[in-house]
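Please look over the charged side-chain contacts in the model shown here. The briefing below takes them up by topic.

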Amino acid sequence: MKTDVLVIGAGAVGTAITRELSKYNLNVICVEKREDVGGDCSKSNSAIIHTGYDASPGSLESELVVSANPAYDQLCADLDIPFSRIGAILPAITDEQFAKLPEIKEKAMKNKVYDVEYLTREQLLQMEPELNKDVKGGLYIPRESIIDPFLFVVAMAENAVANGATFMLSTEVTGIKTENGKICGAETTAGYIEADYIINAAGLFCDDVAAMVGKNDYYVNPRKGQFYILDKNTSCKVNHIVLPIPTKLTKGKLMCPTIHGNMLVGPTAEDLTDKYDKSTTKEGLDSIREDVSKLIPNVRLGDTITQYSGLRANRNPEGLHIDTYEDLYGYVNLSGVRSTGLTNSISVGSYVAMLLKNMGLDMVWKENFISKRKGISRFHELSREEQDRLIKENPLYGNIVCRCETITEGEIVDAIHAPIPARSVDAIKRRLRAGMGRCQGGFCGPKVLEILARELNCETSDICKNNAKSYMICGKVK
Amino acid sequence: MYEITCDVAIVGGGPAGLAAAAAAKKEGTEKVIIIERDETLGGILQQCIHPGFGLKLFKEELTGPEYYGRFVDKVKELGVETLMNSMVLEIEKNTVVCMNKEHGITNVNTKSIVLAMGCRERTRANIMIPGTRPAGIYTAGSAQRLMNRQNEMVGKKVVILGSGDIGMIMARRMTLEGAEVVAVVELNNFLAGLTRNKVQCLDDFGIPLLLSHTITNIKGNDRVEGVVVSKVDEATKKVIAGSEQFFECDTLLLSVGLIPENELTRKAEIEISSITNGPVVNQYMQTSIPSVFACGNVVHVNDLVDNVSTESAIAGASAAKFAKGELGGGEEISVKTGENVRYVCPQRVVGGGGKVDFYFRVMAPKGQSVIAAKDGDKVLCSRKTIKVNPGEIEKITVDLGGVREIVIESREA
Amino acid sequence: MEKEIICTVCPTGCVMHVVGTETLIESIEGYTCPRGKKYGEYEFLAPVRILTSTVKSNEGRLIPCRSKNPLPKGKVLDCMEVLRGVTVTLPIKRGDVIVADILGTGIDIVATGE
């Protein structure tokens, strides 16, 4: 196999780079060790498109986040994914927090996020009736927004595929070959891939990949974040992203709506050494309850439909780095991509494209670049007339499989045969939300399993929850 | 869009819907339609292949399929119509909007509606077990469906959380099919399900029942590798530090309770009880929208299907009377819960005389008790019982004549 | 031989204490009704269980089945082995015999579904 550019990792950043490069007349392959795009961190986070108001002023991260935010309205419209500029508020509950507001606003100004405003107690309580009544005042960050992080990655990947890029899933890089200070290609579990340029966007594992070329002058220390997702019917809801005033130690735990109308509460921030530890803990979950109820006293964590944890790829020493090396032509190393990674993925994409051009890659823009992508028809969002028409066109849309989220068999079959195919139960869940409702797959799980096996023409025992070893069924009863 | 007209539309073709349909038809209504999302009638009983059904109603021990089979024969004989593979999207006063592959969006225009959607299982998130999220965690009902209807074996070495009936029945079912059931773990210091199931499903196979224990962690990244089981304080239910034991297993089944399935009811803005999570009904099983009736596990989670059938027949007959304009109304009397009673169903009654059966669950298990219905200080009726248990539904029949208020209690003797 | 037997006749669940030999009951205590006493005696001398399971059909779909009457408890697992090897040919009706006189018990395994 031969390609011009090989991207390692199909998280938000790797996928955004791949999509960006698909705008040019290049061969691009993106390899991903997991069974699906969306990586680790990119799908388990707070799902916020940030403004960069609290970034470190003058840093690369600040520039990338601040410039990425305004692009999302058009991009999400083009990619046919939901996006909402609900805005964030930072309420100060204590005098100590209140005293910090000017400092936070000043930092926002330094980051050129000029639309951050002060809010009075009355304004805050009007905007968020569930807020702690002791609130003294706060800040409003109008362009902080919410997105479905997983759909975002899938949509970018599908759009990249439409423009000629290739994604190789369940493909792990095991070594990188260099010669005379120049990238030659990579050994993978799917064979050797010859490439002139390699971009390390392996996130949590970027230090392991960097070690393959001796550029691991840093290491990744995973920082766990645990979350709760609450039922759409929970009685205590917020309308904005409600952020705590950060302390020296932590950015703190927030509560916000998800793009699908659930409530998201969390995260914790716990430094780990194990990159595979995505367990939730009683201590972690309890600490969320304790902290968030200071902001939103009536939060009903009993209405939880799921809890999960994600790992941020925290860099040690800290900071976002996009590095090229004079002694290793053709290699780009990304590290320190953290909570702002989802937002800045797209600006990182163009930044990396610029680096490649500077390295001498011939980048000819495709005049026939397809900017728009059409997602799977969302049955439950259609009017009754449109639903009726869709069922007449394809009767599979007449069969509801997930009743909590009203997901049809038609949508599931479409996802299985999409450009980035859904091949596991979780892959279906992430794309369509089948099994993400309040029954958590109790009803639809067995049906999704049957449909997957039928469409992929395999045994149900071959179907996994996500990774290769996460089998669901261990054989036939009879 | 496809339009259908009928007298009584029944949402759900499980045991509740079937009994309601038969009763509605017997009451003399012209056109009764069952709207069912599955391709076959019978609901959850299709996967309940075990015996234990029908002891009250038929005086013989039937399996789930035999039990619903009798009702299916009956509704067919009576000429009840069915709309199969049809999912109900919403209900209004006199319309049920549903969809199917054949007709697309279908409006069923009806004089009355019976809600019989059943219930769903509580999940891991509802009980907040921390740990990883591997494959191999199933609710007992999903595992039952996979095994008994889809021929899929869900695991080989199993721990079951919750001593509800489905959990215990799955313990036996999996053992019979060659799996090893390591233990059944129960948070309370008493059994959640029926004693009969403990004897026949656990004791018969030497499966340990750990009362006052719970699962405090789940291990395994890809597939379940084991669970941590801890002892809890009997009174506070708090985990006792240092009591953790690791149980190796590849599967965790959850049998931690059922919740009435009331998405449609909520959307229709029908009054819902915060205790049962089902619609508030009167003795006719009539909800806060007079043309809408409800029965079975959608109203409150029952212990025996026989009770569901009895209650659903009332709903069906009342819905039929309503369709004919014959259902009486009257002054509303509220029904209150007294000592050791968690909820009573129906929650209210209308109109003067007549006998009404009240079904209720107690809060805590107690020995010899006196179950009584009172109007102020006046005891309307009472009976003695050897013991009461939250897992079993109790019944008391009250004559409404001249009654102004009803309080139902279960007092330890 | 002595045994604790939990009565399953009604939800009360009386605990009975039975003493005897394989063929004879010497004493039985703890029951609160005649039906319970009878259950205790049977359960001590010759416990029986209704067996329910599924069998494969020629179309792959499972057919639920049961022992028409209760079987000796000790034979349950052996009967399961027999059922593992059975494939029924559709169509089948509720009540149709799937295995007649299973393991010489005189009891039929019949279909409970269609």
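Which side chain meets Arg84(C) in a salt bridge? The partner of Arg84(C) is Glu177(B), at 3.1 Å from N to O, where a salt bridge is a side-chain nitrogen of Lys or Arg within 4 Å of a carboxyl oxygen of Asp or Glu. This is a predicted model, in which local features need pLDDT of at least 70, side-chain atom pairs count only at pLDDT 80 or more, and totals for chains, interfaces and linings use all residues. Side-chain values use heavy atoms, with hydrogens and water left out.

**Between chains**
- The pair crosses from helix 2 (residues 76-84) of chain C, which holds Arg84(C), to the loop between helix 5 (165-176) and strand 12 (180-185) of chain B, which holds Glu177(B); helices (H or I, at least four residues) and strands (E, at least two) are DSSP runs, numbered from the N terminus.
- Arg84(C) is partly exposed at 33% relative accessible area, whereas Glu177(B) is buried at 6% (buried means under 20% relative accessible area, exposed over 50%, partly exposed in between, with a 1.4 Å probe and protein chains only).
- Salt bridges with shared partners join Arg403(A), Arg120(B), Glu261(B), Glu263(B) and Arg266(B) into one network.

**Within chain A**
- Glu405(A) and Arg433(A), both buried, form a salt bridge of 3.2 Å, N to O.
- A salt bridge also joins Lys465(A) to Asp426(A), at 3.2 Å from N to O, and this pair links the segment after helix 13 with helix 12, 39 residues apart.
- Lys465(A) counts as buried because its relative accessibility is 15%, and Asp426(A) is buried at 10%.

**Total**
- Over all chains, the count comes to 60 salt bridges.

Key. Residues numbered from 1 in each chain as written. Chains lettered and ligands numbered in written order.
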